[in-house]
Amino acid sequence: MNFEQCRPLVTGSSRGIGRAFVDAFLDAGVPKLYAGVRNAEAAAAVAVIDPRVHPVVVDTTRPEQVEQAARQAGDVNVLVNNAGVLHYAGFLSAPDLDQARHEMEVNYFGPLAMARAFAPALIRSKGTIVNILSIAALTYMPLVGSYNASKAAARSMTQGLRVDFVGEGVAVMAVYAGGYDTGMHLETTDKTQLNPPSVLTGAVLDALAKGGVDELFPDAAARGLAQRLGLIAAA
Ligand SMILES: NC(=O)c1ccc[n+]([C@@H]2O[C@H](COP(=O)([O-])OP(=O)(O)OC[C@H]3O[C@@H](n4cnc5c(N)ncnc54)[C@H](OP(=O)(O)O)[C@@H]3O)[C@@H](O)[C@H]2O)c1
C-alpha cells in the first residue's frame, strides 16, 4: 500500500494504541485520517492534531453511530478495529456476567458491526481491515478469562471475514498484540515488561506497506508464543 493513497479510520483514537495509530499514519503521509472517538470532547481534542484528521464520533457498540460513521467516511480504505476493553474478570471470580458481556460487545460485536457497515466502502476501494487482537486470543490467562474469550471470538471472526471477502479484493489482517504501555493495564503492572505502542503501529504500517500479511505478531512476546504454538517458524 502506498500511504499517499491511504484513508484510514481508527476506532478508539482518543488514547493508547489508537492514538499511536493516528500519529503513525500521519507520519507516513496519509492525506486524510478518520479518528474514531466516543464524544464531542475527544473529537475536539483529535481535530487539532493535524488538518488531515477528521473526527468521527463512533461508539462501536451503538449501531446508529456505526451506520452514521460509514456514511460519513465512505472513502475509507483501511479500517483499523482498535477499540477495546479489558475488565480483569475471571470466569468464576467475576461477580456476574456484566463485564464478560461488555467485553464481548466491544471486542467482538463492535469490530464485526464496523466490518459489516464499512464492507461496501472496502469492497469499492479493495481495502484492508486490521483487527487488533491480542495474544490472549491464543491462550488462557486466568485473571482475564472473559477478555481471552472475547478476543478469541474476534480472532474467529477475523479468519471468517478473510474467507467471506475472497473475490472482493479486501484483505483482513489479524494483529496478535503482546503487552503495550497504555491505560489498559493496572497501576500495579510492571511497565518495564511493556512495549511502547509505536512497536505495534510500526509493525502494522510495515505490513500494510508490504501487503499480503494476514497474521501479524508485532512484538517479541507475540512472536515467542506464536513459535511455541507452531503458528510461525522458529527464528
Ligand atoms: N495495551 C495492551 O497491552 C494490549 C495488548 C493486546 C491487545 N490490546 C488491544 O489493543 C486495543 C487498544 O487498546 P489500548 O491498550 O490502547 O487500550 P486503552 O488505552 O484502554 O484505549 C482503549 C480505546 O478504546 C476506546 N473504546 C472503548 N470502548 C469503546 C467503544 N464501545 N466504542 C469505541 N471506542 C471504545 C477507548 O475510548 P475512550 O477514551 O472513549 O474510553 C479508547 O480510545 C484494544 O483492542 C486492546 O484489546 C492491547
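# Exercises on a predicted chain

H185 sits in the loop between β6 (171–177) and α6 (197–210); helices (H or I, at least four residues) and strands (E, at least two) are DSSP runs, numbered from the N terminus. Numbering of residues starts from 1 along each chain, as its sequence is written. The model is predicted, so local features need pLDDT of at least 70 and side-chain atom pairs count only at pLDDT 80 or more, while totals for chains, interfaces and linings use all residues.

**Exercise 1. Work out whether H185 is buried or exposed, or something in between, and how far H185 is from Y88.**

Step 1. Apply them. H185 has 17 C-beta neighbours inside 10 Å, so it counts as partly exposed.

Step 2. Look across to Y88, in the loop between β4 (78–81) and α4. H185 and Y88 are 97 residues apart along the chain, and their C-alpha atoms are separated by 9.4 Å.

Step 3. Classify Y88 as well: it is partly exposed, because 16 other C-beta atoms lie within 10 Å.

**Exercise 2. Find what stands out about the phi of Y88 and of K126.**

Step 1. Start from the background: most residues other than glycine have a negative phi.

Step 2. Check Y88. Its phi is positive, about 55°, although Y88 is not a glycine.

Step 3. Check K126, in the loop between α4 and β5. Its phi is also positive, near 50°, and K126 is a residue other than glycine. K126 is exposed, since 12 other C-beta atoms lie within 10 Å.

**Exercise 3. Describe the overall layout of the protein chain and test its radius of gyration against the value for a compact globule.**

Step 1. Count the elements: seven helices and seven strands. Along the sequence they read β-α-β-α-β-α-β-α-β-α-β-α-β-α.

Step 2. Run the globule rule, 2.2 Å times the number of residues to the power 0.38, with the radius taken over C-alpha atoms. For 235 residues a compact globule would come out near 18 Å; the protein chain has 17 Å, so the two agree.

Step 3. Look at the contacts, meaning pairs whose C-beta atoms, placed from the backbone, lie within 7 Å. Among those between residues at least 6 apart in sequence, 64% join residues at least 24 apart.

**Exercise 4. Find which residues touch the most other members of the largest nonpolar core.**

Step 1. Define the core: buried Ala, Val, Leu, Ile, Met, Phe, Trp, Tyr and Cys residues joined through C-beta atoms within 7 Å.

Step 2. The largest core has 65 residues, and L79, V175 and Y176 touch the most other members. Helix α4 (residues 98–125) contributes the most to this core, with nine residues.

Step 3. Follow V175. Neighbours within four places in sequence aside, its contacts include V130, I132, L133, L200 and V204.

**Exercise 5. Check the span of α1, then see what touches L205.**

Step 1. Compute the expected span as 1.5 Å times one less than the number of residues in the helix. The 13 residues of α1 should span 18 Å, and its end C-alpha atoms are 19 Å apart, which agrees.

Step 2. List buried residues of α1; among them are I17, A20, F21, A24 and F25. After α1 comes G29, with a positive phi near 95°.

Step 3. Turn to L205, found in helix α6. L205 is buried, because 23 other C-beta atoms lie within 10 Å. Residues up to four places away in sequence not counted, it touches A24 and A28.

**Exercise 6. Describe the shell around the ligand: which residues come nearest, and how do its residues divide?**

Step 1. Set the cut-off: a residue is near a molecule if its C-beta atom, placed from the backbone, lies within 6 Å of it. Of the 27 residues around the ligand, G12, G16, A83, G84 and T182 come nearest.

Step 2. Find the biggest supplier: α1 gives the largest share of the shell, three residues.

Step 3. Sort by type. Ala, Val, Leu, Ile, Met, Phe, Trp, Tyr, Cys and Pro count as nonpolar, Asp, Glu, Lys and Arg as charged, and the others, Gly among them, as polar. The shell divides into ten nonpolar, 14 polar and three charged residues.

Notes:
Buried ≥ 20, exposed ≤ 12 C-beta atoms within 10 Å, placed from the backbone. Contact = placed C-beta atoms within 7 Å.
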